[in-house]
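Please keep the structure in view while reading.

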Amino acid sequence: MSLLEIRANRRRARLVRFQSRDGDNYRDLSSQLGTLGPVIESAHDVGVVMTKECARLRSQPVRAELESSPYRLPRELKIWSFDFLARRARVAAMYNGDILGLASDLPSGDEDVVVKLRPGRYFDFFCSNLLAPFDVWETGRKLPLLRGRELVLDRRGQLMTFRRSRLANTVGVSSLAFTTDGQLILVAQAKDNVGSPGLIAPSGSGALEPRDVPQDGTGLTIGDIALRGAERELREECHISSDEVEISMIVGHGRWISRGAMPEFCAVTLLQLTSDQVLDRAIRLVERPYVSEVMAVDLAPMTRWNPRKPLTMLPEEIRRSASWPLAFGLACLAQSIGDQSWPLRQELMKRLGQETPSAAGDIEGPYPEAATASA
């Protein structure tokens with residue numbers, strides 16, 4: 001029976017292809033997404049900063065709750081999972097670890113909403129969110145069997161809410177870490193890394209895991225949980241200990257449209273290390289399949305910070321190699337520095353040599369039109 005099943009799977013695999021939509025920039029959604037916040041476009045991907053949700057995260061806690069039932073691939077995705085995983089996994093460094101996905105949306109105002117987190121496995125995320133940039137075709141058919149965009153948009157062409165989404169929606173977390181001498185730490189990801197292969201990523205980035213949830217389970221907030229995950233990724237990728245982190249704060253929430261509109265959270269971290277101290281450390285052996293280099297850069301003067309064009313904050317030579325999470329994090333940072341009440345504002349300005357408030361103070365507010373970060 002097993003042999004027959006293997007042969008059947010191989011015959012089907014020869015008839016099916018996964019057609020990438022590399023040129024899909026989702027600009028037809030610009031008017032819709034632009035009402036949510038700045039539309040951020042990196043060299044390869046598109047996403048949106050959820051401006052109202054970001055402001056809520058920075059101003060007051062959002063309660064979170066861990067569901068007991070894990071995510072299960074729906075039947076219409078499960079039938080393609082074996083073939084998709086078998087083909088894509090050959091060129092990627094990954095393992096089927098435990099992850100947490102977002103099963104409900106964040107509040108955009110003062111309403112008291114409990115955000116639902118759902119356990120899952122990485123392969124489920126791989127075969128759902130990472131399938132969304134592809135269309136599934138079968139030999140001899142004139143129409144695709146599955147349009148990846150249908151996993152992102154509802155029947156009205158609106159962005160799918162997390163509550164209604166059929167995807168795992170693994171929570172992405174990252175951190176922008178600044179040293180005592182005002183340098184931003186960045187990570188060049190290895191070419192086999194599934195996250196952003198061969199691109200420049202934030203100081204630490206990855207997926208939220210069950211171990212990021214406090215064991216007692218009391219007083220949970222989505223900000224605290226995402227912050228724990230972001231700091232863990234930072235410590236792992238940059239070989240930093242917990243006592244070398246001075247303070248971290250969540251600054252933003254967004255949706256990575258090119259990855260099935262998966263949720264992303266970004267934090268800003270102030271380190272108690274100089275850039276030389278960080279760069280002198282060897283990459284841990286366990287991280288080498290994912291991290292190729294750790295680097296430190298100077299950001300542009302704050303007067304040039306713009307959440308609609310975050311890549312202009314980076315040195316010109318690395319803008320085209322920036323990952324979407326990095327562009328997203330910089331956009332959130334530009335929004336946060338314009339918030340006079342943001343607790344890290346004064347200390348970060350001091351580290352960056354900014355003694356007076358900048359023009360970034362005028363960047364908060366609604367974003368009626370979409371803009372890209374490709375400038």
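The buried residues of helix α3 pack against β3 (46-49), α6, β12 (245-256), β13 (262-271) and α8. Helix α3 spans residues 51-59, and its buried residues are Thr51, Glu53, Cys54, Arg56, Leu57 and Arg58. Here buried means under 20% relative accessible area, exposed over 50%, and partly exposed in between, with a 1.4 Å probe and protein chains only. Helices (H or I, at least four residues) and strands (E, at least two) are DSSP runs numbered from the N terminus, and contact means heavy atoms within 4.5 Å.

The model is predicted, local features need pLDDT of at least 70, side-chain atom pairs count only at pLDDT 80 or more, and totals for chains, interfaces and linings use all residues. Residues are numbered from 1 along each chain as its sequence is written, and side-chain values use heavy atoms, with hydrogens and water left out.

The protein chain contains 9 helices and 14 strands. Of its 375 residues, 56% count as buried. Among contacts in the protein chain with a separation of 6 or more, 72% are between residues 24 or more positions apart.

Helix α8, one of the partners of α3, comprises residues 324-337. Its 14 residues reach 20 Å from the first C-alpha to the last, close to the 20 Å expected at 1.5 Å a residue; the expected span is 1.5 Å times one less than the number of residues. Because 14 of the 14 residues of α8 are buried, this helix is largely enclosed by the rest of the structure.

A nonpolar core is a set of buried Ala, Val, Leu, Ile, Met, Phe, Trp, Tyr and Cys residues joined through side-chain atoms within 4.5 Å. The largest such core has 75 residues, of which Phe178, Leu186, Leu299, Leu314, Leu330 and Leu333 touch the most other members. Helix α8 supplies the largest share of this core, 10 residues. Another core, of 22 residues, lies apart from it and includes Leu102, Phe162, Val213 and Leu220. Within the largest core, Leu314 is one of the residues that touch the most other members. Not counting residues up to four places away in sequence, Leu314 touches Leu186, Leu299, Arg319, Ala322, Leu326 and Leu330.

Helix α6, another partner of α3, covers residues 222-238 and contains Glu231. Which residues does Glu231 touch, not counting those up to four places away in sequence? They are Val245 and Ser248. Glu231 is buried, with a relative accessible area of 19%. Arg228 also lies in α6, but at 40% relative accessibility it counts as partly exposed. Leaving aside neighbours within four places in sequence, Arg228 is in contact with Arg211, Asp212, Val213 and Pro214. The C-alpha atoms of Arg228 and Ile250, which are 22 residues apart along the chain, are separated by 9.9 Å.

Gly206 belongs to strand β11 (residues 204-207) and, at 31% relative accessibility, counts as partly exposed. With neighbours within four places in sequence set aside, its contacts are Val171, Gly172, Val173 and Glu233. Gly206 and Glu237 are 31 residues apart in sequence and 9.7 Å apart in space, C-alpha to C-alpha.

Glu237 is also touched by Val291, a residue of strand β14 (residues 291-297). Val291 is buried, with a relative accessible area of 3%. Not counting residues up to four places away in sequence, Val291 touches Val187, Ala188, Ala190 and Ile283 as well as Glu237. Its C-alpha atom is separated by 9.2 Å from that of Gly198, 93 residues apart along the chain.

Most residues other than glycine have a negative phi. Tyr26 lies in the loop between β1 (16-20) and α2 (30-34) and is buried at 4% relative accessibility. His239 is found in the loop between α6 and β12 and is partly exposed at 37% relative accessibility.

On a 1 Å grid over the protein atoms alone, a cavity is a set of points where a 1.4 Å probe fits but cannot get out, and lining residues have an atom within 4 Å of a point. The count comes to 1 cavity of 30 Å³ or more, and about 30 Å³ of space lies in the largest cavity. Grid points are joined across faces, edges and corners, and a volume is the space filled by probe spheres set on the points. The lining divides into 5 nonpolar, 1 polar and 2 charged residues, where Ala, Val, Leu, Ile, Met, Phe, Trp, Tyr, Cys and Pro count as nonpolar, Asp, Glu, Lys and Arg as charged, and the others, Gly among them, as polar.

Conventions. 1 Å grid on protein atoms, 1.4 Å probe; cavity = no way out; pocket = protein on both sides within 12 Å on 5 of 7 lines; lining within 4 Å.
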